[in-house]
Amino acid sequence: MKQTHYNPYENMLAVLDEAAKKLGLKPDDYVTLRYPERELMVSVPIQKDNGRVEVYEGYRVQHNTTLGPSKGGIRYHPEANLDEVKALAAWMTWKCALMNLPYGGAKGGVKVDPSKLSENELRRLTRRYTAMIEPIIGPQQDIPAPDVNTNATVMAWIVDTYSMLQGHFSPGVVTGKPLELGGSLGRAEATGRGATYTLMNLLGKMKKSPKGLTIAVQGFGNVGSVGAKLMQDEGCKIVAIGDAFTTIYNPKGINVAAAQQYAANNGRSLKGYKETGLKVIPDADLFTLDVDVLFPAALENQIHESNASAVKAKIVLEGANGPVSTEGDKILDKNKVIVVPDILANAGGVTVSYFEWVQNNMHFKWNEKYINEQLHHIITNAFEEVWKVHKEKKVSMRMASYMVALDRVVKADKARGIFP
């Protein structure tokens, strides 16, 4: 489904330039934001269990630090590349600014298929990668987090490696950690919960009830599975789920909790899952189902010029980063599909990551009820700002989100000035 000519960074720049134009900005006002502040590419050698040495390519990109230390996940994926990491870092800048968090944007990645590594090899890869990017990360400098194919265990290895190199325990260097190492309650569910809050906010504006609302979910990892379950709890009907192994469809609604349990016991795969009325459909058919909401929560560039015109859903809720290409976006907009952009829809994760970082800095812990209340407050405030611009300026929700975020960064940039 991926197109060879797709460049996610150019995708980001196209939206950025249009947002700047609509805000009436001159090139000098925002030209620095078209370039990452820092790009680090590293070689990551590890000794495999069979004794052979293999070298992997790693990246850490810091897009902008105007509003604070940079923030962004680390992904392990065989298709990871510098352009992708640059785009993801920039999207983090806009996401943090939109949520009004004191962060800039960053992202990291290693070009590797982690499913082909043993646990020992994965730990060695993580520790060596951490050592290679250590000069540019830190609690007041750049704070990584989990992303595709990384998790709390990987974050624990990063914390330990960084702490050993620093000579003291430094839990604030990453977020998304195990609770035992200073992780935050509610962090694992935060992205899916934030997406659910955003959808409920949108339905409120549309005066629509979530009861019986049909949703197709692409991706059944942390974001997709949690989001699907919480949306189902609100009364929505999850009729299709696609993961890396299969796509299942049940017009009467899938039992998400049972599907989660099955995936947890079967290598995170839904292949072979059965329930009454369920059938397996081609992966590509998920995007063309006659549903109310499409919730792409896997990888970028899943809805593009080749399949966007076949989308029947009236709402696309971006759980993943960049799942709709610029060309796909234009087609959806023309067809009056409401696209809730990634920097708004999936910002719950970085928001609760911020709470985790604050708790680490304060040496204090908040309860989960307080965390979820604060998450709802921040997500809803951001949504209201976006909705206001969306209506007043008659622009798409993506453009409105970029305009709010860009305006915030540009004003801070002007206040700081250019060094020296």
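How many aromatic pairs does the count come to? The answer for this predicted model is nine aromatic pairs. The close-ups below pick out some of the rings, a charge and a methionine.

**View A. Tyr 354 and Trp 357 make a tilted aromatic pair.** Their ring centres sit 6.2 Å apart, with 35 degrees between the planes. Both residues belong to helix α11, which covers residues 348–362, and they are three residues apart, or about one turn of the helix. Trp 357 has 9% relative accessibility, so it counts as buried, the cut-off being under 20%.

**View B. Phe 383 and Trp 387 make a stacked aromatic pair.** Here it's 5.8 Å from centre to centre, and the planes are 15 degrees apart. You'll find both in helix α12 (residues 368–392), four residues apart, again about one turn of the helix. Phe 383 and Trp 387 are both buried.

**View C. Ring pairs tie six residues, listed next, into a cluster.** The members are Tyr 103, Tyr 354, Phe 355, Trp 357, Trp 366 and Tyr 370. Tyr 354 and Trp 357 are the tilted pair from View A.

**View D. Lys 86 puts its charged end over the ring of Tyr 9.** The distance from that charged end to the ring centre is 4.6 Å.

View E. Setting aside neighbours within four places in sequence, Met 399 is in contact with Val 15, Glu 18, Ala 19 and Lys 22. Take Lys 22: it is 377 residues from Met 399 along the chain, yet their C-alpha atoms are separated by 8.9 Å.

Key:
Residues are numbered from 1 along each chain as its sequence is written. This is a predicted model: local features need pLDDT of at least 70, side-chain atom pairs count only at pLDDT 80 or more; totals for chains, interfaces and linings use all residues. Side-chain values use heavy atoms; hydrogens and water are left out. Rings of Phe, Tyr and Trp (its six-membered ring) pair if their centres lie within 6.5 Å; planes under 30 degrees apart count as stacked, over 60 as edge-to-face and the rest as tilted. Helices (H or I, at least four residues) and strands (E, at least two) are DSSP runs, numbered from the N terminus. Buried means under 20% relative accessible area, exposed over 50%, partly exposed in between (1.4 Å probe, protein chains only). A charge sits over a ring if NZ of Lys or CZ of Arg is within 6 Å of the ring centre and within 35 degrees of the ring normal. Contact means heavy atoms within 4.5 Å.
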